[in-house]
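Have the sequence and the 3D view open as you read.

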Amino acid sequence: QDGEAKIGIILGFTGPIESLTPAMGASAELAIAEVNETGKFLGGTTLSAVQADSTCVDSAAATAAAERLVTTDGVVAIMGADCSGVTGAILSNVAVPNGVPMISPSATSPGLSNAEDNDLFFRTAPSDARQGEVLASILGDEGVSSVAVTYTNNDYGKGLSDSFVAAFEAAGGSVTLVAPHEDNKADYSAEIGSLASAGGDVLVVLGYADSGGKGIIQAAADTGAFSTFMLGDGMYSDALLADLGDVLEGSYGAVPWSEGDGATAFADLVGEKADFNPEGSYTRESYDAAALLILAMAKGGEATSSAAAANVMDVANAPGEPILPGELGRALDILAEGGDIDYVGATNVELIGPGEAAGTYRYYQITGGAFETVEFR
Amino acid sequence: MSDPLHDDRGNRDRSITNPAGQGAPLPGHRGRARPAPGGPFLIGDAMTGGYGRGADILHGCTIAVDRGEIAVIVGPNGAGKSTAMKAVFGMLSLREGAVRLDGEDISALSPQDRVKKGMGFVPQTSNIFTSLSVEENLEMGAFIRDDDIRETMEQVFDLFPILREKRRQPAGELSGGQRQQVAVGRALMTKPKVLMLDEPTAGVSPIVMDELFDRIIEVARSGLPVLMVEQNARQALEIADKGYVLVQGRNAHTGTGRDLLADPDVRRSFLGG
Amino acid sequence: MDFLNAFVALSNFVLIPAIAYGSQLALGALGVTLVYGILRFSNFAHGDTMAFGTMVAILATWGLQAAGVTLGPLPTALLAIPVGILGCAALVLATDRLVYRFYRAQKAVPVILVIVSMGVMFIYNGITRFIIGPDDQAFADGARFLINARQFREMTGLAEPLAIRSTQAITLVTALIVVAALFWFLNRTKTGKSMRAYSDNEDLALLSGIDPERVVRVTWIIVAGLATIAGVLYGLDKTYKPFTYFQLLLPIFAAAIVGGLGSPLGAIAGGFVIAFSEVGLTYAWKKVLTYLLPGPLEPDGLVQLLATDYKFAVSFMILVIVLLFRPTGLFRGKSV
Amino acid sequence: MTQSLRTVSVFGLVAVLILGTGVLQSWNSALLILNMGLVSAIMSLGVNLQWGFAGLFNVGVMGFVALGGLSVVLVSMPPVGEAWAAGGLRILAGLALGALSVACAVLAWTRAPRAWRGWAVAAILVAGFVLYRAVFAPGAAAVESVNAATSGYLGGLGLPVVLAWPVGGLLAAGAAWIIGKTALGLRSDYLAIATLGIAEIVIAILKNEDWLARGVKNVIGLPRPVPNEIDLQRDPGFVESAAGWGLDPTTASTLYVKAGYALLFAAVLIAVLVLAQLALRSPWGRMMRAIRDNETAARAMGKDVTRRHLQVFVLGSAICGIAGAMMTTLDGQLTPSTYQPLRYTFLIWVMVIVGGSGNNYGAVAGGFIIWFLWVQVEPMGQALMGLITAPMSDGWLKAHLLDSVQHMRLLTMGLILLLVLRFSPRGLIPER
Amino acid sequence: MIRVENLHRHFGGFRAVDGASLEIATGSITGLVGPNGAGKSTLFNVIAGALPPTSGRVTMDGEDITGLAPHELFHKGLLRTFQIAHEFSSMTCRENLMMVPGAQSGESLWSAWVHRARIREEEAALLKKADEVLDFLTISHLKDELAGNLSGGQKKLLELGRTMMVDAKVVFLDEVGAGVNRTLLNTIGDAIQRLNRERGYTFCVIEHDMDFIARLCDPVIVMAEGKVLAEGSIAEIKSDERVIEAYLGTGLKNKETA
Ligand SMILES: Nc1ncnc2c1ncn2[C@@H]1O[C@H](COP(=O)(O)OP(=O)(O)OP(=O)(O)O)[C@@H](O)[C@H]1O
Ligand SMILES: Nc1ncnc2c1ncn2[C@@H]1O[C@H](COP(=O)(O)OP(=O)(O)OP(=O)(O)O)[C@@H](O)[C@H]1O
Ligand SMILES: CC(C)C[C@H](N)C(=O)O
Ligand SMILES: [Mg+2]
Ligand SMILES: [Mg+2]
């Protein structure tokens, strides 16, 4: 069966997270390219990616872009969107009406778990409800009982902070102040002033590494307000370490991660075939999102939306043959023979509940200017 | 502007209106002067033209002034007097006719270049920098001069003593007549080779008007030709060596000041009896 | 001792950051105010002009660093500023030639120019990202602090830290020098006066022999200079990221307007008003009061006038209030 | 070209753009652009009313649009009973107290003797604030902790969503009235920044008052005035008639729903346009133009400039509020962080200016065209970049340029904007 | 009758109007003259509500009108023109005139939407009136020209024309004559007299053209340095030494003989 099928990649290429998205997009394209190279997808159907700009914040523009992907370009599935707000908009305005499945690599807002999705929405990133608990338990292990919290003022930051604060207080900790910060602003002195005055042993930063979160840490460290930081998933970035130098020495945090083979395989794959940072935020998730869509279609035996939607859960979860990044060809072979696979991917994908990653987190500490894994939980 | 009443427009919208520079775009001529010897010192010869792409306002109108002379243009409102002045100064493009200054054809020069050639002009409206102080207004008058301007400024202050008093005040805060004095003072600061005044005495009190006329005579006798539009026509024609009556963009009557004053037709129709 | 601690805490978290942020805003606002004052429109492209100038300076800095040139304790980028200004001036002059001049000749009302400047903003935006990308760029070197928190504590033995970044000091000094120079230039030099005359009445300026195009050129060059200086200092102090520069636009405008549009002194004052209201009004006084008050009176709340959630709203509220009582800004702006 | 010919050809262009999208891309895209175009056109009519008619420089459009959006949540979402029980009344009482103290303060300011009225007002405000916080804060906290991840707010009234449109207008009008009362005396550029600031304040409230509309956590799944696509696809009658048209059920249902929105929106747009046009052509319009032209003279000619300004400001803002409510209805969700000045204020201004300020048809056309561009420049930008890089040999530069293709979006937008304004500097359909 | 009592208007430290007291009798054409900067326009602006007074009182027929807004004064029948013409430059001459009358039902939005027929009637009447006024001012050929494109003098005429669109009680004219052709100025003088006689308008006229003042005004008030310097008939004023020194100058004699 020769032919072509298109997958839409809709990410915020312009706007507040424009620096994260190129790697995410490239990562998704990597999966597609890998499949095309094998030539095994549904007996030779070529896949192509169509990119569109979600702008991250403008739901109307995002909806229009997604609409174009679906109705003009005729994509059968969407990998995206990135930010939770536009993801919700695209889901209810485009994906559900048109019956097109979407897998978001990064929309982590807990609210999306309950969105009316007609079983079309999945995500390879875990809901922040879980991350909050993980962060709280790490603090428990570190023996910290009083913290100040600052989060980026959007659904992600707010949702994460809510769940973190609830979990931390339930465990007996005290939160001196929860202050939001806006991203990409010129100055964070006011937030730091308040946080410093409120006190606390550790500053919990639930923001973005190349944006407000970095500014906050920089300012907090410069003024000597805090010396230890706990970092949420959005803060995990090598660039942050490079930019801030030894300021972060001794700080710790958590990031959705998977132990072992998947991540390594992904890093190797990227090293071989592409040039972006395989450890960047949500790059792994992006690869997995695209791979899952392809595999689901392969499983369903046709390159259609309904085939993709119906089989995502199936290929993502056990039982079946575990599949790592770089092994998509093998997976296609198995599927072609009618076998079963359990896609592991770069992030140890395990879709639970309404179709979202269960999420394992890597608890790391920064020592010697590098992220050192403490354990996975 | 602090006071809307002295502003040229009452609208407080500084960011949206452009109170100073509205109106038709200036013609973008960029040419050179060509020698054209002979004739009067300054002449707008058989000028025909209008604003932008609109209808013609001037129809073959000629005005001229020679060294040491005062030429006065009179006529009903809307006759095209100001338009003729602006045409001479290059602020609208002529379809026909030429402007010659001191033996050169300057029709192709831009207004700035005419300033550099020594032409000084006081427009009828918006003729001062409202936000600059009186003193700075005078300095701007002398913008193209590189020599010491203090002496000229003293002369202007002697002529209009009130300006000395208000030298540090923004000119926009002055009364109507005071502004008029600033405007004339500004032009005198240029030390021009020819002075063009559009209704210099509008709104000034009799005493100042007399002095102003005296001074204009003095200036003209010192060799500087003066071309002016006046509605205080009788006083003006009295001191004029040459008078033009413009009607609907055409020369209706031309003669010496006295001739025109004596012409009963002119008196009745244009000078108010 | 407690009193000293209280004062140090206040300085560290309110006074010093607000002063530094204030001068950064002020430098930006100067550029906006100059365009407004002389060319008569609100230039939305100013944020991206800053981003562009800074980008050129950054590229030059990298070049210098690669060639091993440094300024010792001062950031190398200071050496690169002239290059940045040149690049930026070339850009804005080209823009003026290709874009703005047409509308000037048309005598378009300023709001058209405002919208046009938005178009220019989009284009600069793209150009900058094409060249250097949307990411953060680090280019600071030299000594980061005049005094850092740890040193200060060791030196004085106080419980509270105090940190002064060298960039903060440089920014303040630069802002003061620049505003003085600008003030002098506009009010005392012939070119400066001719610029004000031009802004007041273009036609009459023409009649006085002032070359309008020259005025415009000089204005743009100064604006390019201001934008680049402001951008580089800001980038040194915080970080360089094109999007942040765009975001700076709003507070910069607010500063220019609170101070009185068109007034250089106003721009400075406006910058500080905005900065102090953002930092000061949301400051939690708990720490300071704990030092100052005797034990039993110590507050248990944060003693915060307003939550930081409303930080931006607060600065705008201040702005609105200032405008209600002084409707044309603190320094009664108009033309320069 | 005469004015009417110009108008016709510009609207012809709009039609071609939209139909072209339908033919070349898809009818779904075309309808979506049409729908957002209709909403944009209404917004730009609102701005045109303020700016084009009266010369009021309102840069706070975003705030009014957001208030319209809020009204959709308040009107149409089902009430959250649990939250009301937890603290609803407390919140209402708190708000009432707040309003009461402001009212007292205003009263004191007008009634009390000059000498100590400042102190009196300050005292009332401080006391009022303390009281308000004491009553309000626990209520809000209680409401917000009800099921924080999925609700955590009071919900709305559960009424039909179309009702939210006029309510959105009223909400915006109310806010505009307060703003107008305080800020309309300002000179235009200062008025601009004041409205800009107030819009930011509105957004800050929307973002941070979670009890109201979930703040940054967004309200998703708003009710719709048109049927659900899924329901249509399951309705055998519909599937049959779709087949009659030769369409598959999915496409048919999506088109049907969008066309439904389009009809509703078009009805509103036409109503607003007709009223605006009647107003502009009447002595009222002449008076407004006079006021815009020269306020001092208008005052001296007996026109109550302040009152008229307030009137227009409130009306224009109400229209923006209605459009905001319509837009949120179309989006199906309220996401406060999407409200950014660039998109919701300046883009609208671009529409008005490019269309031709002072001319209602111009504003409407501008709304359509600019929205079309905003959506379509992305593929255009990519195409442009393809064109630029096609002749290049492979290499570093080409790769770099192709990598940066996303930035073509805004760049193309800027380029087109400049070109349009270059060739018709007074807008596509100028005032006169 | 307009009565001004001890009026002050200061700009910063400068006393533009410094305790002026004067009366304008009903039915009179009162002249107001004085050197440049005497405070005449400022006085007008204060009376017409465009500037708030620093202190003092203005009454009209016994009613205190100090500090009323200009549009309120307009409706009380007090009209003014501006020394620097304030035309509506982006509107046609006709529209400039037609917008003046205050009681237009079409100025309410509701009527504009609902009572279309009534408005059409009113408009027709207004149009006729405006055309009459334009005719009278000899600029009827410019009725569809934008007011911004008029010549300096024509703008002044338009300014005067606006006061003729309504039934005013008191009209303040600030230098209508400056820049207006003298022949036309005579016609305007006639019109003022006619309005005064036939319709009972009261006028207060600022003018520097003494012939015009002499022909029209009785009494004449002379202001200098913010105060009333002299008051009386034109003959009295012309022979008043102080007035000659401050305002008229000795050149006057020459001019009269001319
Ligand atoms: N900028 C302009 N654009 C178009 N037409 C204009 C413009 N300025 C003046 N006009 C027209 O040109 C004609 C002549 O105007 P001009 O100003 O030359 O008259 P004037 O003789 O100076 O009259 P006045 O004595 O009233 O000043 C008038 O009919 C006027 O309507
Ligand atoms: N806004 C202001 N600020 C400061 N001074 C002002 C202001 N307005 C007017 N003045 C001063 O007040 C004085 C009186 O001005 P006014 O305009 O009333 O004079 P006038 O009698 O009408 O003179 P003219 O006959 O020249 O029109 C002048 O000296 C002027 O400089
Ligand atoms: C790409 C990420 C920064 C998005 C974020 N996790 C969100 O849900 O909005
Ligand atoms: Mg004239
Ligand atoms: Mg006066």
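Buried means under 20% relative accessible area, exposed means over 50%, and partly exposed is in between (1.4 Å probe, protein chains only). With a relative accessible area of 36%, A:Asn348 is partly exposed.

A word on the ground rules. This is a predicted model, where local features need pLDDT of at least 70 and side-chain atom pairs count only at pLDDT 80 or more, while totals for chains, interfaces and linings use all residues. Residues are numbered from 1 along each chain as its sequence is written, chains are lettered from A and ligands numbered from 1 in the order in which they are written, and side-chain values use heavy atoms, with hydrogens and water left out.

A:Asn348 is found in the loop between strand 12 (341–343) and strand 13 (351–352) of chain A; helices (H or I, at least four residues) and strands (E, at least two) are DSSP runs, numbered from the N terminus. Chain E has a positive phi too, near 60°, at E:Thr138, a residue other than glycine. Look for E:Thr138 in the loop between helix 5 (116–136) and helix 6 (152–163) of chain E. E:Thr138 counts as partly exposed, at 47% relative accessibility.

Chain A also has cis peptide bonds to look at. One joins A:Gly80 and A:Ala81, with omega about -5°, and A:Ala81 lies in the loop between strand 3 (77–80) and helix 3 (84–98) of chain A. Another cis peptide bond joins A:Ala318 and A:Pro319, with omega about 0°. A:Pro319 has its place in the loop between helix 11 (305–316) and strand 11 (321–323) of chain A.

**Helix pairs in chains C and D**

Axes are lines fitted to C-alpha atoms, for helices over the stretch in contact, and angles run from 0 to 180 degrees between N-to-C directions. Here are the pairs side by side.

| Helix pair | Axis distance | Crossing angle |
|---|---|---|
| Helix 1 (residues 3–25) and helix 2 (residues 27–53) of chain D | within 7 Å | roughly 155° |
| Helix 3 (residues 61–76) and helix 6 (residues 164–183) of chain D | 8 Å | about 135° |
| Helix 6 (residues 166–188) and helix 11 (residues 264–281) of chain C | within 9 Å | roughly 155° |

For the classes, Ala, Val, Leu, Ile, Met, Phe, Trp, Tyr, Cys and Pro count as nonpolar, Asp, Glu, Lys and Arg as charged, and the others, Gly among them, as polar.

In chain D, helix 3 and helix 6 are oblique to each other. The contact includes D:Phe64, D:Leu67 and D:Gly68 of helix 3 of chain D, and D:Val167, D:Gly168 and D:Leu171 of helix 6 of chain D. This contact of helix 3 with helix 6 of chain D has twelve nonpolar, three polar and no charged residues.

Which residues coordinate the magnesium ion (ligand 4)? B:Ser82 (OG) and B:Gln124 (OE1) do, at 1.9 to 2.1 Å; donors are N, O and S atoms within 2.8 Å of the metal (3.2 Å for Na, K and Ca), and water is not among the atoms, so sites may look incomplete. The two are 42 residues apart, with B:Ser82 in helix 1 (residues 81–89) of chain B and B:Gln124 in the loop between strand 7 (119–122) and helix 3 (134–141) of chain B. B:Ser82 counts as buried, at 15% relative accessibility.

B:Arg32, by contrast, counts as exposed, at 72% relative accessibility. B:Arg32 is found in the segment before strand 1 (34–35) of chain B. Leaving aside neighbours within four places in sequence, B:Arg32 is in contact with B:Asp105, B:Ala108 and B:Leu109.

**Between chains**

Of the seven pairs of chains in contact, chains C and D share the most contacts. No contact joins chain A and chain B, whose closest C-alpha atoms lie 26 Å apart.

Key. Parallel < 35°, antiparallel > 145°, perpendicular 65-115°, else oblique. Contact = heavy atoms within 4.5 Å.
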